[in-house]
Amino acid sequence: MTATESAARFGFFTLEVLRTRRFGHSFLRVTFGGESLAGFRSGGFDQSLSLFLPPEHREHTELPSTAEDTWFAEWRGMAEEERPVMRSYTVREQRRTAEGADEVDIDFVLHGDASPASRWAGRAVTGRRIMAIGPAVAENKSVRFQPPAGTDAVLMYADETALPAAAAILDRLPAGTRVKAWFEVPHEEDRIALAGPADADVTWIVREKGAGRERTEQVVQRVRESELPAAEAPYAWIAGEAGTIRAVRRHLVQERSVDRRAVRFTGYWRLGASEEQLLAEAYAGKAASEDPASEL
Ligand SMILES: Cc1cc2nc3c(=O)[nH]c(=O)nc-3n(C[C@H](O)[C@H](O)[C@H](O)COP(=O)(O)OP(=O)(O)OC[C@H]3O[C@@H](n4cnc5c(N)ncnc54)[C@H](O)[C@@H]3O)c2cc1C
């Protein structure tokens, strides 16, 4: 695929807040609309997009350029206090209403006002506009859940930031798919209702330890205690805090003999580092990457 073809798979969209709804203990669903969504094509599953969120003193996001070859330099060149932050989120659902309007739901974890995206979401009100780089065609590389042909069981681990993606994956799995999932959440009330194959085996891990190694150990221990479905060709999708992801991946590959090529792992965030810092590291390491936040 040429760079131009690849770029054509993504585009800039203006998203306008239509409504918000709190659910569980930690989540806020923001439903966005806007005319540009007519060209938005979510590939479903864990489709992600990049949101540009305005600084606190601005109501809406404004970018100096959305042209393919200049937007990045112009965005980076903005004065820091004016520059919108870029953050990765998941398309929980895209739909067209009976009236023909396009809507997109994004589920934000509210983890405190000190973090720009969490703060923006907590204060989102109808009419606010942000911008996004999102999919213009359903088949795109920001859908990471890609089980190979012959997969006979799906293993999933997600923390709360990846639960929207996990829920969207479950929505789409055909009935009869064998699923073993571990979902780690900070509060009992975050054990939200999920659709998906009726016999999906879900273990909820309500976090007892706040952060760091102890938290990771709690997760790995719960995974270690679990029986995996008997399968010849399991596919694992794991996403969440980068340190925990590394440990869960290591456990599946080294202790449970899951083929490392059949493990799709993504660090959705890293303890102690903002996405800004992660992006800076990624750009320094692989400036040509189109998707720097994908595999931390
Ligand atoms: C592909 C992809 C899809 C994602 N989808 C979603 C999604 O649908 N919903 C969602 O809520 N998040 C999602 N995330 C995670 C989200 O991008 C990060 O949590 C991001 O750091 C939030 O930005 P922020 O401005 O709130 O915090 P930042 O400014 O990036 O971070 C500030 C501080 O908060 C910490 N931090 C970040 N996130 C959390 C958290 N959840 N809990 C506790 N501390 C945290 C950081 O370690 C840092 O110390 C996704 C990430 C990726 C890569």
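Predicted model: local features only at pLDDT ≥ 70, side-chain atom pairs only at ≥ 80, totals over all residues.

**The whole chain**

Begin with the entire chain selected, shown as a cartoon. Its secondary structure comes to seven helices and twelve strands. The radius of gyration is 19 Å, close to the 19 Å that the globule rule gives for 296 residues, so the chain is as compact as a globular protein of that length. Along its principal axes, the C-alpha trace spans about 55 × 40 × 35 Å. Of the 296 residues, 48% are buried. Among the contacts with a separation of 6 or more, 71% join residues 24 or more positions apart.

**The antiparallel sheet**

Next, select strands E1 to E7. Seven strands form an open sheet here, in the order E4-E3-E7-E1-E2-E6-E5, and their pairing is antiparallel. Strand E4 (85–90) and strand E5 (93–96) stand at the edges; each has a single partner strand, so one side of each is left without a neighbour in the sheet. From one strand to the next, the twist averages 35°.

**The parallel sheet**

Move on to strands E8 to E12. Here five strands form an open sheet in the order E10-E9-E8-E11-E12, and the pairing is parallel. E10 and E12 are the edge strands, each pairing on one side only. The twist in this sheet averages 10° from one strand to the next.

Select E11 and E12 together: they pair in the parallel sense over six bridges. Within this pair, Gly-240 stands opposite Gly-267 in E12. H6 lies across E8, E11 and E12, and runs at about 160° to E11.

Select residues 163–172, which form helix H4. Is this helix mostly covered or mostly uncovered? It is mostly covered, as eight of its ten residues are buried. The buried residues are Leu-163, Pro-164, Ala-165, Ala-166, Ala-167, Ala-168, Ile-169 and Leu-170.

The largest nonpolar core has 24 residues. To locate it, show the side chains of Phe-145, Met-156, Leu-163, Phe-183 and Trp-237, the residues with the most contacts inside this core. The elements that give two or more residues to the core are strand E8 (153–158), H4, strand E9 (179–185), strand E10 (201–206) and strand E11 (234–241). H4 provides the largest share, five residues.

Centre the view on Phe-145, which lies in the loop between E7 and E8. Is Phe-145 buried or exposed? Phe-145 has a relative accessible area of 3%, below the 20% limit, and therefore counts as buried. Leaving aside residues up to four places away in sequence, Phe-145 touches Phe-45, Asp-46, Val-154, Ile-169, Leu-173, Tyr-235 and Trp-237.

One of these contacts, Phe-45, is the next selection. Phe-45 lies in the loop between strand E2 (27–33) and strand E3 (48–53). Its phi is positive, about 50°, although Phe-45 is not a glycine.

**Two exposed loop residues**

Finish at Gly-176, in the loop between H4 and E9. Gly-176 is exposed, with a relative accessible area of 59%. From Gly-176, draw a distance to Ala-153: the two residues are 23 apart in sequence and 9.9 Å apart in space, C-alpha to C-alpha.

Key:
Residues numbered from 1 in each chain as written. Heavy atoms only, no water. Helix = DSSP H or I, 4+ residues; strand = E, 2+ residues; numbered from the N terminus. Pairing = 2+ DSSP bridges. Axes fitted to C-alpha atoms, helices over the stretch in contact; angles between N-to-C directions. Rg over C-alpha atoms; globule rule 2.2 N^0.38 Å. Buried < 20%, exposed > 50% of the residue type's maximum accessible area, 1.4 Å probe, protein only. Contact = heavy atoms within 4.5 Å. Core = buried A, V, L, I, M, F, W, Y, C linked by side-chain atoms within 4.5 Å.
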